[in-house]
Amino acid sequence: MIKFIFTVLLLLLIITIGGLFTFFEICILKLFFKIENLKYVKLLKILEITMIIISCITFISLKIPMILLSLIYFIVLIYNFYKKKIDIKNFIINFIFLFVDFYVMYLAIKIISQKLPNF
């Protein structure tokens, strides 16, 4: 029972820290990079939540879902760049944000999953 309570508290802590991290990411993008359109950041956050759900439900390797979700985001960016909905500056910023955000999240999931207690 103690392990279950510890795991629930750890997951709540992770969600809270993830929310704060998201808030600071959006503030940095708005202040330093002058991005007004945050629809790509929202899409990235939806894909991150999908990745976290996949990692919690299944115990498969996270490399395949991470590559597929990254590919979805990259295809959306290329399509919108091709249709002239975003310029090259926003494309590069969102592309770099993909790597930073997704791979930091991937490392965090790997570190946390190694530290969780076994039932």
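Buried here means under 20% relative accessible area, exposed means over 50%, and partly exposed is whatever falls in between (1.4 Å probe, protein chains only). The model is a predicted one, so local features need pLDDT of at least 70 and side-chain atom pairs count only at pLDDT 80 or more, while totals for chains, interfaces and linings use all residues. Residues are numbered from 1 along each chain as its sequence is written, and side-chain values use heavy atoms, with hydrogens and water left out.

As for the fold, the protein has four helices and zero strands, giving the pattern α-α-α-α along the sequence. Helices (H or I, at least four residues) and strands (E, at least two) are DSSP runs, numbered from the N terminus. Taking contacts as heavy atoms within 4.5 Å, residues 24 or more positions apart supply 68% of those in the protein with a separation of 6 or more.

Next, the inside. A nonpolar core is a set of buried Ala, Val, Leu, Ile, Met, Phe, Trp, Tyr and Cys residues joined through side-chain atoms within 4.5 Å. The largest one holds 20 residues, and the members touching the most others are Leu29, Leu44, Met51, Tyr73, Leu77 and Phe102. Helix 2 (39–57), helix 3 (63–82) and helix 4 (88–115) are the elements that each give two or more residues to this core. The biggest giver is helix 4, with seven.

Then there are the aromatics. Rings of Phe, Tyr and Trp (its six-membered ring) pair if their centres lie within 6.5 Å; planes under 30 degrees apart count as stacked, over 60 as edge-to-face and the rest as tilted. Searching the whole structure turns up five such pairs. Phe74 and Phe95 make a tilted one, at 5.1 Å centre to centre with 55° between the planes. That pair links distant parts of the chain, with Phe74 in helix 3 and Phe95 in helix 4, 21 residues apart. Phe74 is partly exposed at 26% relative accessible area, and Phe95 is also partly exposed, at 26%.

Phe95 pairs with Phe91 too, this time stacked, at 6.2 Å centre to centre and 10° between the planes. These two sit four residues apart in helix 4, so about one helical turn separates them. Phe91 counts as buried, at 14% relative accessibility. Phe74, Phe81, Phe91, Phe95 and Phe99 together form one aromatic cluster.
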